[in-house]
Amino acid sequence: MIDLGSLSDAFALLGSSFTPWMFVVPGLVIGLVFGCVPGLQTSMAMAVFLPATLTMDFLSAMLFLTAIFTGGQFGGGVSAILMNIPGTSSAVATTFDGYPMARQGRHNEALGVALIASTVGTFFGYTALLVLIGPLSKVVLKLGPTEMFVVILWGLTLIATLRGRYLGRSLLAGTIGLLIGTIGMSPNGVLRGTLGNDHLIDGVPVIPAMIGMFAASELFTVGRGAYLVEGDVNARKVSLRRIFAGVKLGLSTPMILLRGGLIGTLVGAVPGVGSSVANLVSYSETRRRAKNPETFGKGDPRGVAASESANSSSEGGSMVSLFALGLPGGAGTAILLAAFNMHNITGGPRFLREHSDVVYAVILANLAQAVLLLIVGLILIRVLSAIVKVPLRYLVPIVLSMSAFGAYGLTGTMAGPVTLLVFAMLGWALRRYEYSIPGAVIGLLLGRMAEGELLRSYQISGGHLDYLLTRPVTFLLLVILLASLFLPMILEQRKRSRGGDGGPPRNASPVTSDKSA
């Protein structure tokens, strides 16, 4: 599957000059900073620095931009853990357990888990790309809207599993999120729920809404305290030893990392779906397979490992459609495609066939970037995690201001800050009455995407269900989805009926969150 001749040429290309490597570390640092600052986006960083690549050769430009991409994926996890702000939509699931760990004074361990999971995920994704770029590109061509709908449906099932104390309230919150996600112009050209407001024609701005519900509402709640991490000075200490302990903790969950890497690579390869769904699917599967799922959402490091490994490996998966088909899988790869155009290069099968040495060189360089991410991340984590030492009376207004400016930058109008404020109040109300905020965000994030794929499936099939008989991959995905949902319950029921250990009773006390993964 690997063209050894082109692989040899790729090694020669990377070893012939040190110039491309000079841009890797600056790219990682830029990505980390943009990823962890509330309101800034990795794709924004790539767009800002895209003109700078005009003076570079193509390989240097690709290494610089992919380094920003890689650093940004981990940077989004840093803000998700320390401030409950998913820097990108791909870090939503990281907040579920990362932020509770930080509130418990285990921010060092959470960051260590996230760093090693991101490193392993990135390495896994690009290794899979190196070995399987040919077969994967053929698989991607066979995926249609029905398959994409099932994958998105998989992510939506997480609404029920993140139910907290009340399943009904979680489902209601998820439904509210789904309905809000349908506001604006529908995929078939019908205006819905805009109330005559032109700013809502394109729908509710998702990132400002997500920051408002997750972060601003949380800051309203914790703002009366002194620090993000309560307790004495030692609780807020940034300890390299404890970060390494987190790295070790992450490495003790190899199956979770590999499963997250596999899910991220496969889902990331689907254009238009990508890491926004991959992290939720991976988190959902890890929670379902856990013997003590009640610890998830309360500071379980396995949740952080599952999310970060999936969203990082999806970067490698998204390169499949870029290199093999010339199609961007998301905002980041769209910027990379723009870099292709700036250097008068057209992606697609011809590029893959005629410049396979360059493709392999980019993949090999990104494998090295994954290792460099571990080193650069360990150096910068001490600086980034110092935020837990900032008193809340300073931190809350600073973060809210930066979030508001970031929301304005994303939308270009006051619609962004207004959206942030409205959803901050909605998030506060949901939190106050114990409705699931993650459920609402998942509904908001995936609802519109699911509707679009469902509509396209309907249009292609003409409304005939027998169309599914011609889509074996859809059937396979449906079987896997249903098996993941119901098989654990069936097996547990059979075990109980045989008088075996059926696991902890439903009203058991939660396991302490410092339990090993």
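Reply: Start with the term. A crossing is right-handed if the near helix is turned clockwise from the far one by less than a right angle, and left-handed if it is turned anticlockwise. Keep in mind that the model is predicted.

Now the crossing itself. The partners are helix α12, residues 240-251, and helix α18, residues 356-384. Their axes lie 11 Å apart. They pack at an angle of about 130°. What does that angle make them? Angles of 65 to 115 degrees count as roughly perpendicular and those over 145 as roughly antiparallel. The angle here is about 130°, and α12 and α18 are therefore oblique to each other. Their crossing is right-handed.

Stay on α12 for a moment. A245 sits in this helix. Is A245 buried, exposed or in between? A245 is partly exposed, at a relative accessible area of 38%. N108 is 137 residues away along the chain, yet the C-alpha atoms of A245 and N108 are 8.4 Å apart in space.

Next, helix α6, which covers residues 92-103. Its 12 residues should span 16 Å at 1.5 Å a residue. The end C-alpha atoms are 17 Å apart, which agrees. How many of its residues are buried? The count is 11 of 12, and α6 is mostly covered. After α6 comes G105, with a positive phi near 85°.

Why call α8 largely enclosed by the rest of the structure? Because 11 of its 12 residues are buried. The buried set includes P145, E147, F149, W154 and L156. L446 is 291 residues away in sequence, but the two C-alpha atoms are 7.8 Å apart.

Now the rings. A pair of aromatic rings is described by the distance of the centres and the angle of the planes. Six aromatic pairs turn up in a search of the whole structure. Take F49 and F64. Their ring centres are 6.1 Å apart and their planes stand at 85°, an edge-to-face pair. Where do the two residues sit? F49 is in helix α4, residues 42-49, and F64 is in helix α5, residues 58-83. The pair links distant parts of the chain, 15 residues apart. The two residues differ in cover. F49 is partly exposed at 26% relative accessible area, whereas F64 is buried at 5%.

A second pair joins Y283 and F296. The centres are 5.7 Å apart and the planes meet at 80°, so this pair is edge-to-face. Y283 lies in helix α14, residues 275-289, and F296 in the loop between α14 and α15, so the pair ties together parts 13 residues apart in sequence. Y283 is buried, with 0% relative accessible area. F296 is buried as well, at 5%.

Ring pairs also build a cluster. Its members are F23, F34, F49 and F64. F49 and F64 are the edge-to-face pair described above.

R169 lies over the face of Y435, 5.4 Å from the ring centre. R432 places its charged end over the ring of Y433, 5.1 Å from the centre.

E434 is in the loop between α20, residues 415-432, and α21, residues 437-461. It is partly exposed, with a relative accessible area of 37%.

L195 is another non-glycine residue with positive phi, near 55°. Its place is the loop between β2, residues 191-192, and α11, residues 206-222. Is L195 buried or exposed? Exposed counts as over 50% relative accessible area, and L195 is at 84%, so it is exposed.

Terms used. Residues are numbered from 1 along each chain as its sequence is written. This is a predicted model: local features need pLDDT of at least 70, side-chain atom pairs count only at pLDDT 80 or more; totals for chains, interfaces and linings use all residues. Side-chain values use heavy atoms; hydrogens and water are left out. Rings of Phe, Tyr and Trp (its six-membered ring) pair if their centres lie within 6.5 Å; planes under 30 degrees apart count as stacked, over 60 as edge-to-face and the rest as tilted. Helices (H or I, at least four residues) and strands (E, at least two) are DSSP runs, numbered from the N terminus. Buried means under 20% relative accessible area, exposed over 50%, partly exposed in between (1.4 Å probe, protein chains only). A charge sits over a ring if NZ of Lys or CZ of Arg is within 6 Å of the ring centre and within 35 degrees of the ring normal. Axes are lines fitted to C-alpha atoms, for helices over the stretch in contact, and angles run from 0 to 180 degrees between N-to-C directions. Angles under 35 degrees count as roughly parallel, over 145 as roughly antiparallel, 65 to 115 as roughly perpendicular and the rest as oblique. The expected span of a helix is 1.5 Å times one less than its number of residues.
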